[in-house]
Amino acid sequence: MMRMVDKLSNETIDIRPAVSILSVLRHLNYKPWYAMAEFVDNAIQSYLDNRDSLESLHGPSYRLKVDISLDSFDNGRISIRDNAAGIHESEYERAFRPAAVPPNSSGLSEFGMGMKSAACWFANRWSVRTSALGESFERAVSFDVDRIVYDNLEELLVNISPAGEESHFTEVTLIDLHKKPQGRTIGKIKRHLASIYRMFIRKGLIELTFDGELLIYPEPKILCAPYFKDVTLEEILWKKDIDFDFGRGLEVHGFAALLETGSVSGAGFSLFRNSRVIEGSGDDGYRPEYIFKKSNSYTYQRLFGELHLVGFDVSHTKDGFRWEENEEVFLELLKEHLEEEPISLISQAEGHRKRPTKDELKKAAEFASKRTAENLEQTLPPVLAPALEALPDHSPVPQELPARTLSSKRVIDLIIKNENWRIVLELTNDPAIGDWIELCDHLVADYPHSEDMRVIGIRLSLVHPFMTRFAGTDDEKIEGLLRVAVAIVLAEIIARSSGVKYAGTFKRFINSLLRDALSQP
């Protein structure tokens with residue numbers, strides 16, 4: 001209980017039980033934006049609990065303001081100040097006692113550990129100064145965790161000074177930081193906080209600033225395009241509502257959509273509880289492989305959404321849901337809704353291809369031409385000089401390709417100008433093959449019923465240095481280069497049929513240049 005010493009000078013508060021837990025809190029597995037969010041949660045909950053009184057005092061134009069400031073000099077200092085209703089006398093002792101659950105545990109401050117755990121994670125010394133709406137006193141208390149634990153202190157001194165009854169604020173100051181945000185981390189904190197509190201920012205309920213910068217959540221642009229299987233159809237806004245209930249008080253509602261422009265950092269779901277992002281803030285979207293597939297899929301880069309989960313428990317650091325056995329069912333139902341016609345988001349994500357803008361093409365062209373020019377300057381002269389002196393290729397096209405280990409094989413039967421053609425596509429991962437592409441061409445007589453068939457074999461090496469450097473295991477890049485290889489081989493065959501001399505020289509030089517020059521960095 002709070003024990004009064006002198007109403008105008010000081011009081012003490014009881015911080016039992018287990019004050020030693022304070023020294024352990026610095027080892028929590030927090031990320032800095034989630035630790036910072038604990039202070040914002042307290043401010044928002046204070047505002048929500050006292051909204052009528054605050055608006056009665058200031059009028060309907062009142063806005064909750066939370067300002068975070070960082071001083072990076074020396075050991076660092078963080079201040080978090082809000083204009084919410086402050087910490088009232090009836091709640092003061094509970095607010096500083098470890099693991100004391102608040103009376104209303106259904107809001108953002110539910111575990112009774114947020115401010116204490118985040119403050120101790122950031123710093124060994126911290127203080128709180130507050131003035132509660134309707135009370136005529138300002139209270140200030142300081143924590144020195146090492147001293148509290150070493151001396152096994154069970155009470156802390158509270159300094160009290162007069163304040164107007166209309167005064168209301170809370171200011172938390174963290175000193176001598178063990179976790180000092182710096183560099184890119186500061187930018188990430190800003191982006192994540194704007195993302196975590198986007199619902200409150202959208203509704204105009206909060207003005208959240210960091211070092212004077214107003215944090216704004218940039219709304220993603222949603223794809224508006226025809227269904228990829230028929231681009232002549234009318235354009236569709238690729239967004240749909242998600243709403244399902246799987247019993248035991250567990251509900252999910254929100255929306256899913258496709259990004260106008262694919263983005264690894266921008267895709268993924270944000271999972272909310274009580275209008276606050278729990279999982280999937282900033283560039284760390286919730287992307288289970290069951291739905292999003294591998295990181296090179298288009299779904300992984302395009303699908304996003306906001307899902308509000310009701311009835312699910314969260315971790316005490318509020319950075320993840322405690323799924324128990326429910327995540328598998330959740331994902332199955334979610335995928336079912338995502339694939340449901342007439343707006344199948346996953347199908348469109350995989351099939352849609354954005355037509356690049358002129359600026360995008362110009363940027364890509366500048367990059368590609370610069371890199372290629374640098375490569376040609378360094379590698380081409382020693383490779384091209386002896387090639388120019390080489391004798392023309394008089395060798396005939398082989399009738400069979402030598403047996404090799406294959407990764408894939410496809411047979412395509414065609415009729416071209418009343419002739420039967422069979423094209424055999426082979427992709428190999430055999431490192432013994434030195435050429436990028438190989439071909440064979442022969443005529444099979446009396447196939448199948450006294451009809452001749454021309455059989456053309458085309459083989460592409462997947463482990464050629466050029467493929468390893470520019471395609472790897474990306475199926476689209478492999479497909480594009482395979483199509484180029486097919487065009488080269490068929491062009492040679494047509495050239496030979498047209499009577500072009502030394503047609504094989506072209507392919508021979510391509511194989512040589514790709515291996516000895518153009519596959520180099």
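In which loop does Asp211 lie? In this predicted model, Asp211 is located in the loop between strand 9 (206-210) and strand 10 (213-214). Although Asp211 is not a glycine, its phi is positive, at about 50 degrees. The residue is partly exposed, its relative accessible area being 44%. A positive phi of about 55 degrees is also found at Lys318, again not a glycine, in the loop between strand 18 (313-314) and strand 19 (321-322). Lys318 is buried, with a relative accessible area of 5%. Most residues other than glycine have a negative phi, and most peptide bonds are trans. A cis peptide bond, with omega about 10 degrees, joins Glu341 and Pro342; Pro342 belongs to the loop between helix 11 (327-339) and helix 12 (345-351).

The chain comprises 16 helices and 23 strands. Of its 521 residues, 46% are buried. The accessible surface amounts to about 27,100 Å², with 52% of it belonging to carbon and sulfur atoms. Of the contacts between residues at least 6 apart in sequence, 69% join residues at least 24 apart.

Helix 2 (residues 32-49) packs with helix 5 (residues 114-122) at an angle of about 140 degrees, and their axes are 9 Å apart. The two helices are therefore oblique to each other, and their crossing is left-handed. On helix 2 the contact is made by Pro32, Ala35, Met36, Glu38, Phe39 and Asn42, and on helix 5 by Gly114, Met115, Ala118, Ala119, Trp121 and Phe122. Nine of these contact residues are nonpolar, two are polar and one is charged.

Definitions and conventions:
Residues numbered from 1 in each chain as written. Predicted model: local features only at pLDDT ≥ 70, side-chain atom pairs only at ≥ 80, totals over all residues. Heavy atoms only, no water. Axes fitted to C-alpha atoms, helices over the stretch in contact; angles between N-to-C directions. Helix = DSSP H or I, 4+ residues; strand = E, 2+ residues; numbered from the N terminus. Parallel < 35°, antiparallel > 145°, perpendicular 65-115°, else oblique. Left-handed = near helix turned anticlockwise from the far one by under 90°. Contact = heavy atoms within 4.5 Å. Nonpolar A, V, L, I, M, F, W, Y, C, P; charged D, E, K, R; others polar. Buried < 20%, exposed > 50% of the residue type's maximum accessible area, 1.4 Å probe, protein only. Areas by Shrake-Rupley, 256 points an atom, 1.4 Å probe, with all protein chains shown as cover.
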